[in-house]
Structures are given as C-alpha cells and as structure tokens.
Amino acid sequence: MFTESRIDKMDLREIQNKIKKADKDRGWDVSLLSQTFTHLIEEVGEIGRHILFRDGYKTSNLSKEVNDEEFGKELADAIIFLIKIANTQNIDLDEIVQKKANKNWDERFPVDECLKDSKNYVNRQQKILDDFKERLNLF
C-alpha cells in the first residue's frame, strides 16, 4: 500500500524525503517537536542499555534481547527520530551533514592532532583502570 515510502539503498536526502512521506501518509507529520524529541530520548536510552550490557556493566537478564541486530534496530530508531526532527524544522540533513562533517575534518579536527589526542586518551584511560584495579585489589 505504501510502497513508495519503502527505504532501500539511498542517500540521506532520499531517506529524509521517504520518512517525511511516510509520516504524512500516516498523519504523524502533525506531532509536536517536543513529542518527537521525547521519542528520540527514549531510543537513546535503549541504546544506552545496550552499551551498558556490551561494556559489562549490566548483565544479560534484561527484559529485552541484547544482540547486534537489536542494537542496530535501536540505532536505526534514533536516526529515524533525528530525521523526523530535522523534517519538522525543514532542515536538509544531506546538505548540512556534508557541510558540518567537511568543516570538522578540514578545520576542527586535523588528523595528526586527533591521533595524538587519541593516544593520550587511551593512556589516561589505562591509568584510571590500573588505579581502579589497585584500589580494589582485584588483579
């Protein structure tokens, strides 16, 4: 019935337009920005649950499955809600993401400086873990 709003391989602008059409077809294009944002936060919370499990902070006896497919679905839900927010504000994500990413990569985050910062970050994190292990006398 709504095959014209199916998403296959496409660029960000196409995805944004398909989501806009799917929302309009279903009457969801009248949702308040605050409601859409709240749905996004809900999805981000579900992503957080998966990350806590992956990092070993939470155990697997959770109410929902925690696997790669479910994690991917939560990421997709969050992306969809981000796109919905952009749609309500008439923001062309394809254009703005390209501009922002290129500016970040070209001006804000030069490769050499970032690699140096990443190495320093890893060293700091290792020191924190070593200190933590020593305090707990775990290892």
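1. Arg 13 counts as partly exposed because its relative accessible area is 34%; the class covers values between the limits for buried, under 20%, and exposed, over 50%, with a 1.4 Å probe and protein chains only. This is a predicted model, in which local features need pLDDT of at least 70 and side-chain atom pairs count only at pLDDT 80 or more, while totals for chains, interfaces and linings use all residues. Residues are numbered from 1 along each chain as its sequence is written, and side-chain values use heavy atoms, with hydrogens and water left out.

2. Which residue does Arg 13 meet in a salt bridge? The partner is Asp 92, at 2.7 Å from N to O. A salt bridge here is a side-chain nitrogen of Lys or Arg within 4 Å of a carboxyl oxygen of Asp or Glu. The pair links distant parts of the chain, 79 residues apart: Arg 13 is in helix α1, and Asp 92 is in the loop between α3 (68–88) and α4. Helices are DSSP runs of H or I with at least four residues, strands are runs of E with at least two, and both are numbered from the N terminus. Asp 92 is partly exposed, with a relative accessible area of 27%.

3. The structure holds 9 salt bridges. Another of them joins Lys 84 to Asp 23, with the closest N and O atoms 2.6 Å apart. This pair also links distant parts of the chain, since Lys 84 lies in helix α3 and Asp 23 in helix α1, 61 residues apart. Both Lys 84 and Asp 23 are buried.

4. Glu 70 is partly exposed at 21% relative accessibility, and Lys 73 is partly exposed at 40%.

5. Two packed helices are described by the angle between their axes and the distance between the axes. For helix α1 (residues 12–26) and helix α4 (residues 93–108), the axes come within 8 Å and cross at roughly 145°. The axes are lines fitted to C-alpha atoms, for helices over the stretch in contact, and angles run from 0 to 180 degrees between N-to-C directions. Leu 12, Arg 13 and Gln 16 of α1 make the contact with Leu 93, Asp 94, Glu 95 and Val 97 of α4, contact meaning heavy atoms within 4.5 Å. These residues divide into 3 nonpolar, 1 polar and 3 charged.

6. Is His 50 buried or exposed? His 50 is in helix α2 (residues 33–54), and it counts as buried because its relative accessibility is 1%. His 50 and Glu 74 are 24 residues apart in sequence, and their C-alpha atoms are 8.9 Å apart in space.

7. Glu 43 is also placed in helix α2. At 9% relative accessibility, Glu 43 counts as buried. Leaving out residues up to four places away in sequence, Glu 43 touches Glu 74, Asp 77, Ala 78 and Phe 81.

8. The charged end of Arg 26 sits over the ring of Trp 28, 5.9 Å from its centre. The rule asks for NZ of Lys or CZ of Arg within 6 Å of the ring centre and within 35 degrees of the ring normal.

Definitions and conventions: Ala, Val, Leu, Ile, Met, Phe, Trp, Tyr, Cys and Pro count as nonpolar, Asp, Glu, Lys and Arg as charged, and the others, Gly among them, as polar.
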